[in-house]
Amino acid sequence: MTKLAIMGAMEEEIEPLLSHFKDVNIVEFANNKYYEVNYNGLDIVIAYSKIGKVFASLTATTMIEKFGCDTLLFSGVAGAINPKLQIGDLIIADKLCQHDLDITAFGHPNGFVPGGSVFVETSKELRDVATQVANENDLKVIVGTIATGDQFVHSTERKNFIESTFKADALEMEGASVAVVCDALDIPFFVLRAISDSADMDAGFDFDEFLKSSAVNSANYLIKIVEKL
Ligand SMILES: Nc1ncnc2c(CN3C[C@H](CSc4cnccn4)[C@@H](O)C3)c[nH]c12
């Protein structure tokens, strides 16, 4: 029986999801709150990790190892790199990387450490469900590469580095952590983001303006995917 983990990084990314459920049981653990619900017979654990790769790794690991989740979906917002991505647009990750992981001093490529890999792929099965839902609901969704790093990117210089180095389509601060954890624990996972800004000098202003509406875009699409699982 599937037990689903639904994760975000910020409260604003999870709040639009939690509002769909009643009878929520709250479990406090490791300085965080985990919300347990049952939806159409599906046991679901929902949490927002707090910002960044370390918190995201802790939450993803907890949802799998402590709560016994066997599938993990991430919903949230992201900065756009691919110019086809406008604010509010949806992107599903086919693979993710860490743009700030750098031991190039030892001849390794950006995003690589021994024992790891530059890119981690998401679950094709979950992506196929998502694509079917997008087609059924006439939703425009891009499938692409998402780059993760422990920084809010707000400069074209950093954005261009990420684009040229990883050919990434969007960037954020948690997805690749979830990818490494789920890959290591052999848990199918899926990362969905809606664009909140363009990671350039206006990113901070756009982010503040569009966080909520973009988080709702992602959450509404995710709920439709959950209903298909
Ligand atoms: N340009 C960008 N660069 C890096 N990441 C992002 C994201 C995705 N999320 C949003 C949030 C920004 S930091 C944060 C801190 N305090 C308040 C709000 N956000 C962090 O969880 C990563 C959207 N746009 C991004």
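View 1. The model is predicted: local features need pLDDT of at least 70, side-chain atom pairs count only at pLDDT 80 or more, and totals for chains, interfaces and linings use all residues. Residues are numbered from 1 along each chain as its sequence is written, and side-chain values use heavy atoms, with hydrogens and water left out.

**View 2. Nitrogen atoms of the ligand.** A polar side-chain atom of Asp 197 lies 2.6 Å from a ligand nitrogen. A polar backbone atom of Val 153 is 2.9 Å from a nitrogen of the ligand. For a polar backbone atom of Gly 79, the distance to a ligand nitrogen is 3.4 Å.

**View 3. The loop with Lys 50.** Lys 50 is found between strand E4 (42–48) and helix H2 (53–65). Helices (H or I, at least four residues) and strands (E, at least two) are DSSP runs, numbered from the N terminus. Phi of Lys 50 is near 85°, a positive value in a residue other than glycine.

**View 4. The loop with Asp 138.** Asp 138 is placed between helix H3 (124–136) and strand E8 (141–148). Its phi is positive, about 55°, although Asp 138 is not a glycine.

Note on methods:
Polar contact = N/O pair within 3.5 Å; in protein donor to acceptor, adjacent residues only side chain to side chain.
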